[in-house]
Amino acid sequence: MTHAMLKGSNVPLDATAVRAVLRWTPGAGVPDVDASALLVGSAGCVRSDEDFVFYNQPRHPSGLVRHLPKTRLSDSLTDTIEADLATLDPSVDRVVLAASSDGGAFRLVPDLRVMLYDAAASDGDPIAVFDVVPDTGDETALICGELYRRGESWKFRALGQGYESGLVGLATEFGISVEQDGPTTSRPAAAPAPGTSASATPAAEPTADSEPTTGQSAPGPAATPAAPVSPPPSAWPEEATAPAAGPDPDTVTQHMPDPMPEPYSAAPPQPTGGYGYPHHAPPPPTQPPAQPAYGYPGPPPQQPPYQPQQPPPSAYGYPQPPQQPPAPAYGYPQQPFVPDPSFVLPPQGPQFQRR
């Protein structure tokens, strides 16, 4: 029975050897498509550059994964990858089945499909069929699916994840260094597949005149963790680090109660000194006021507060004597006192009039 796969779905495999056939419809303006396979370990990258099987390296050193020549079937072209899963090395966690386009993006490739067959059967229906549809159409490399271990058996998962960096960008995502005579290009902006390695050196996309060849990748230097840097000492007293506190004096010193004063002491208690002076010490002598230097006026004399003089009380009922004008200031002529002829006493009651 053939399983029609959807993106992200998986199917168990009973076959110990499988054949993955990549098929599309060629034509004018249609890019050429190539199938490839990557043997990926548990770390998410290839163990060496020999784990990349493609048109320039069509056979794995173990002979268990192979790239077959392209074949034309009526109006279609096919490119095939065969894998013997039963005897594959246990360090291989999965076999990634990929496709790359040469001469344009995958939006120009019609009827792209992956068909998975039992390699032991010469004919028959495919085990699974997956129609690969690019997400954006600008991809030049696609992960069509993967064969992965599940306990002692294998499964096939349909993926369809794309890259805009071609076969070279796809290979570098899985830890393969690709050497090429042409100029190198920047790393693809697409996110890497889950578990892939980013340690490979980015290289240029292959063209019709130059084919990528694999080279031995050299591991980069291990990153040394930076030593923790202690903060500089602060210049502010509030932010300075307080010294480590010693033992609590209350926990190491035994406090004894103060002795009771004697009921009859012959000597009277002595007054204590002021703050900052020792007890039972006389206060410092009073310093005389500083004298002004020669040629500078001294401090003004202290004047007692002004208190107005009160006139003596007069007898009840009698007029008070007239107030004398103040003495003129020094240096001014004195004026004689002249009584006012128009001055008369106010009218008085009968009790004050003479009879």
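## The lining of the largest cavity

In this predicted model, strand β3 gives the most to the lining of the largest cavity, contributing 3 residues. Strands β3 (17–24), β7 (76–84) and β8 (94–102) each supply at least two lining residues.

The volume of the largest cavity is about 70 Å³, and the structure holds 1 cavity of 30 Å³ or more.

## The open sheet

An open sheet is formed by 6 strands, arranged in the order β2-β12-β11-β8-β4-β5, with antiparallel pairing. Strands β2 (10–13) and β5 stand at the edges and have a single partner strand each, so one side of each lacks a neighbour in the sheet.

Within this sheet, β8 is joined by 7 bridges to strand β11 (residues 141–150), and the two run antiparallel. In this pairing, V96 stands opposite E146 in β11. Helix α1 (residues 166–173) packs on the sheet, where it touches β4 (32–40), β5, β8, β11 and β12 (153–163). The direction of helix α1 makes about 30 degrees with that of β11.

## A residue in the loop between β7 and β8

Which residues does D93 touch, leaving aside those up to four places away in sequence? The contacts of D93 are V40, G41, S42, L147, Y148, R149 and W154. D93 itself lies in the loop between β7 and β8.

The C-alpha atoms of D93 and R150 are separated by 9.2 Å, although these residues are 57 residues apart along the chain. D93 has a relative accessible area of 35%. This value lies between the limits of 20% for buried and 50% for exposed, and D93 is therefore partly exposed.

## A residue in the loop between β5 and β6

P61 is located in the loop that runs between β5 (52–53) and β6 (65–73). Is P61 buried or exposed? P61 counts as exposed because its relative accessibility is 55%, and the exposed class begins over 50%.

Along the chain, P61 and D51 are 10 residues apart, and their C-alpha atoms are separated by 8.4 Å.

Terms used. Residues are numbered from 1 along each chain as its sequence is written. This is a predicted model: local features need pLDDT of at least 70, side-chain atom pairs count only at pLDDT 80 or more; totals for chains, interfaces and linings use all residues. Side-chain values use heavy atoms; hydrogens and water are left out. On a 1 Å grid over the protein atoms alone, a cavity is a set of points where a 1.4 Å probe fits but cannot get out, and a pocket is an open set with protein on both sides within 12 Å along at least five of seven lines; lining residues have an atom within 4 Å of a point. Grid points are joined across faces, edges and corners, and a volume is the space filled by probe spheres set on the points. Helices (H or I, at least four residues) and strands (E, at least two) are DSSP runs, numbered from the N terminus. Buried means under 20% relative accessible area, exposed over 50%, partly exposed in between (1.4 Å probe, protein chains only). Contact means heavy atoms within 4.5 Å. Two strands pair if DSSP finds at least two bridges between them. Axes are lines fitted to C-alpha atoms, for helices over the stretch in contact, and angles run from 0 to 180 degrees between N-to-C directions.
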